[in-house]
Amino acid sequence: MPNVLTWLFLAALIVASATRLWLAQRHVRHVRANREAVPARFAAEIPLAAHQKAADYTVAKTRFAALDTLAGAVVVLLLTFGGGIELLSRAWGSMLYVGSIAHGTALLLSLFLVQALVSLPLSFYRVFRIEARFGFNRMTLGLYLSDLAKQLAIALVLGVPLILAVLWLMQRMGERWWIYVWLVVTAFSLVLQLIFPAVILPLFNKFTPLTEGELAARVARLLERCGFKSRGLYLMDGSKRSSHGNAFFAGFGAAKRIVLFDTLVERLAPAEVEAVLAHELGHYKLHHIVKMIALSAALSLAGLWILGQVSGETWFYAGLGVATPSTAAALALFMLVVPEFTFFLHPLLALYSRRREFEADAYATHHAEARELVQALVKLYKDNASTLTPDPLHSAFYDSHPPAAARIARLTP
């Protein structure tokens with residue numbers, strides 16, 4: 001029977017989905033309106049053809065995201081009010097005791113499988129149509145399927161024990177179970193950060209130590225100036241999947257590794273790569289990573305506390321289309337509905353992230369040349385077909401990095 005939660009969730013889903021679609025429409029309209037002229041600040045570095053390619057690429061991705069929004073809303077409705085979770089629960093209930101850890105694990109794995117099957121054709125279209133159309137995809141069908149198989153295996157190896165632990169704690173730890181679940185999930189996330197660079201990443205890419213040459217020497221001097229220690233500088237064969245370029249730090253603590261895409265090294269001069277790495281170092285030296293982990297942990301604790309208050313209430317299940325309450329059903333429902341209720345937190349989180357990017361840029365200018373960072377960013381905007389003219393409101397909602405014009409203005413005297 002519908003109750004207050006039913007109407008609240010429907011309202012949240014409709015408002016969030018409508019806002020996503022409205023923002024996408026604004027973004028497309030704004031980018032297309034500015035397609036025919038390169039912004040004055042970039043006119044000398046970026047040809048009109050490259051600017052138009054970025055505009056067309058942005059429009060294609062944004063329209064695809066709108067389709068993804070509609071598909072996601074339909075799936076959520078089918079799983080909740082359409083009886084999908086209840087159907088899966090009853091199907092497994094004919095073989096396993098409802099409410100048992102085995103039943104809960106089967107229910108959650110089935111739910112994840114349904115979501116994965118829905119997202120698979122969308123992912124395939126994005127990679128082999130949109131990315132390929134604009135010259136970015138280098139993935140073969142074989143590599144795509146291989147990645148899927150590895151991702152599934154990793155998800156099962158790591159995910160199933162976590163699900164078992166969470167369900168056991170929810171059933172055995174009484175009313176304060178959410179505290180114990182939070183501790184386990186937080187510890188799991190930290191351990192995953194430690195093993196990710198050394199164990200998981202090498203399953204997908206080849207990492208070659210970079211120890212000689214001008215770039216290696218520049219990076220070594222940069223690390224010494226910044227007082228930063230890592231497990232090494234590595235070149236990753238990102239070009240076998242995409243022509244997009246990037247650089248990142250993997251892991252934390254003693255397991256930190258500096259990773260450069262081979263496409264990045266091919267396109268940027270050593271001084272420009274050094275400036276990009278100085279920016280990434282800024283995130284570590286200014287404790288952005290630790291702050292983000294702490295924020296994520298705080299938000300997960302708040303979410304689990306809320307789940308702890310509603311998971312024992314029959315109105316929670318009834319209001320979302322589930323007639324057979326269980327700890328697994330509570331988890332499933334919570335994961336489905338929370339994104340709709342928290343959608344309007346996105347601008348705050350995006351604003352927080354953009355401020356951290358400005359701070360990392362400022363740090364980089366103290367340990368590398370600002371002009372080299374500007375040149376590197378312009379090249380990356382061009383090569384990655386990043387739009388120079390995003391819709392301001394769309395950017396405020398979603399973008400974790402400042403718009404190109406604002407970012408470079410801060411770096412240019």
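A nonpolar core is taken here as a set of buried Ala, Val, Leu, Ile, Met, Phe, Trp, Tyr and Cys residues joined through side-chain atoms within 4.5 Å, where buried means under 20% relative accessible area, exposed over 50% and partly exposed in between (1.4 Å probe, protein chains only). The structure is a predicted model, in which local features need pLDDT of at least 70 and side-chain atom pairs count only at pLDDT 80 or more, whereas totals for chains, interfaces and linings use all residues. Residues are numbered from 1 along each chain as its sequence is written, and side-chain values use heavy atoms, with hydrogens and water left out.

The largest nonpolar core comprises 45 residues, of which F42, L260, L277 and L281 touch the most other members. Two or more residues of this core come from each of helix 7 (214-226), strand 2 (233-236), strand 3 (247-250), strand 4 (257-261), helix 9 (270-285), helix 13 (346-367), helix 14 (370-383) and helix 16 (404-411), helices (H or I, at least four residues) and strands (E, at least two) being DSSP runs numbered from the N terminus. Apart from this core lies another, of 35 residues, which includes L107, L108, W178 and A329. In soluble globular proteins, nonpolar side chains tend to be buried together.

When neighbours within four places in sequence are left aside, F42 is in contact with V378, L388, A404, A405 and I408, contact meaning heavy atoms within 4.5 Å. In helix 16, the buried residues are A404, R407, I408 and L411. These residues cover an arc of only 90° around the axis and therefore lie on the same side of helix 16, the arc being that of the directions from the helix axis to the C-beta atoms. The cover over the buried residues of helix 16 includes helix 9, helix 13 and helix 14, while the face turned away from the buried side carries the exposed residues A409 and R410.

D391 is located in the loop between helix 14 and helix 15 (392-398). With a relative accessibility of 3%, D391 counts as buried, and, residues up to four places away in sequence not being counted, D391 touches R26, H27 and H30.

A search of the whole structure finds 2 cavities of 30 Å³ or more. On a 1 Å grid over the protein atoms alone, a cavity is a set of points where a 1.4 Å probe fits but cannot get out, and lining residues have an atom within 4 Å of a point; grid points are joined across faces, edges and corners, and a volume is the space filled by probe spheres set on the points. The largest cavity holds about 40 Å³ of space and is lined by I46, A50, H51, A54, Y381, K382, A385, S386 and L388. Helix 2 (48-79) and helix 14 are the elements that give two or more residues to this lining, the largest share, 3 residues, coming from helix 2. By class, the lining has 6 nonpolar, 2 polar and 1 charged residues, with Ala, Val, Leu, Ile, Met, Phe, Trp, Tyr, Cys and Pro counted as nonpolar, Asp, Glu, Lys and Arg as charged, and the others, Gly among them, as polar.

The second largest cavity holds about 30 Å³ of space, and its lining consists of G245, T263, L264, R267, L268, K379, L380 and D383.

Notes. 1 Å grid on protein atoms, 1.4 Å probe; cavity = no way out; pocket = protein on both sides within 12 Å on 5 of 7 lines; lining within 4 Å.
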